[in-house]
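Morning, everyone. I'll keep this short.

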Amino acid sequence: MAKSPLKDKDFVPDDESLMKILGSRFPRYQECLADLKKRNLYPEMYWYGPSSGWAPRFCIGEVTVCGIYLAQNPLMGLVGVGDKVGAYLDRDQLLSQRARALYEMTPKKGPLRWIEAQLATRSDLEAFLSLVDGKLRALSEEGVRPTDGPPPPRMRRKDPGPKKEPGKPGRKPTKLPKPKDKPIQVGPSAKVTPAVLVAAGRG
């Protein structure tokens, strides 16, 4: 099976190339973009690494609201839920029944609960959007709200982190194992001083 161009870091995804890659999934992708745009959420193409590849995420400032995995078939919506948002969703009465089922059946991994929602049908998309709306309501209580401003840059790569300081390599040098056999000594021992050699007639 050929490797997806979306998993190539040097690939530059745009609407034309995505139409070819996604094929029959492209209309669903456009439908999802249109629904998120109504919530003032715009796609920002982001490189998630060789496993997930390029995928759009939707942010409010530095806060990621949701994302869409494009390399899967069907497409997969993703919503990360932390403790504060989770505490709100626990008492949110506006979540759809299917969205609540997705939320409650997803175990927490580390600091977040990563909720995956297939986007194969319109009902799948509505469940995903219900989760997005729930997270937006939770973020709004914290003062984080989408604005009517222009969409963010479309392309971003994962932050490689700070550069290493010179002279401080990431790995320590490998220690060589001690030889099993003692090497043959050539010449007198270091303990034998010149005075001893002269006294012995060997100086």
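Start at C66. Its sulfur is 7.0 Å from the closest cysteine sulfur, the one in C32, and that is too far for a bond. A disulfide would need the two sulfur atoms within 2.5 Å. Remember that this is a predicted model.

Now the other end of that pair. C32 is in no disulfide either, with the sulfur of C66 as its nearest cysteine sulfur. The total for the structure is 0 disulfides.

Are these two cysteines buried or exposed? C32 has 0% relative accessibility, so C32 counts as buried. C66 comes out at 3%, so C66 is buried as well. The cut-off for buried is under 20% relative accessible area.

Next, the aromatics. How many aromatic pairs does the structure hold? The count is 4. One of them joins F26 and Y29. The ring centres are 6.2 Å apart. The planes make an angle of 45 degrees, and the pair is classed as tilted.

Where do those two residues sit? Both are in helix α2, which covers residues 26-37. They are 3 residues apart, about one turn of the helix. F26 is buried, and Y29 is buried too.

Then there is a tyrosine cluster. Y46, Y48 and Y69 are linked by ring pairs. Y46 also has an arginine over its face: R57, at 3.8 Å from the ring centre. So much for that cluster.

Which other ring has an arginine over its face? Go to Y103. R113 lies over the face of Y103, and the distance to the ring centre is 4.5 Å.

Last stop, an aspartate. D92 is in the loop between α3, residues 83-91, and α4, residues 97-105. Is D92 buried or exposed? Its relative accessibility is 5%, so D92 counts as buried.

What does the D92 side chain reach? The backbone nitrogen of L94, at 3.0 Å. Leaving out residues up to four places away in sequence, D92 touches R100, G134 and R137.

To recap, then. C32 and C66 are both buried, and their sulfurs are too far apart for a bond. F26 and Y29 form a tilted pair within helix α2. R113 lies over Y103. D92 is a buried loop residue with its side chain at the backbone nitrogen of L94.

That's my tour. Over to you for discussion.

Notes
Residues are numbered from 1 along each chain as its sequence is written. This is a predicted model: local features need pLDDT of at least 70, side-chain atom pairs count only at pLDDT 80 or more; totals for chains, interfaces and linings use all residues. Side-chain values use heavy atoms; hydrogens and water are left out. Rings of Phe, Tyr and Trp (its six-membered ring) pair if their centres lie within 6.5 Å; planes under 30 degrees apart count as stacked, over 60 as edge-to-face and the rest as tilted. Helices (H or I, at least four residues) and strands (E, at least two) are DSSP runs, numbered from the N terminus. Buried means under 20% relative accessible area, exposed over 50%, partly exposed in between (1.4 Å probe, protein chains only). A charge sits over a ring if NZ of Lys or CZ of Arg is within 6 Å of the ring centre and within 35 degrees of the ring normal. A polar contact is a pair of N or O atoms within 3.5 Å; within protein, one must be able to donate a hydrogen and the other to accept it, and residues adjacent in sequence count only if both atoms are side-chain atoms. Contact means heavy atoms within 4.5 Å.
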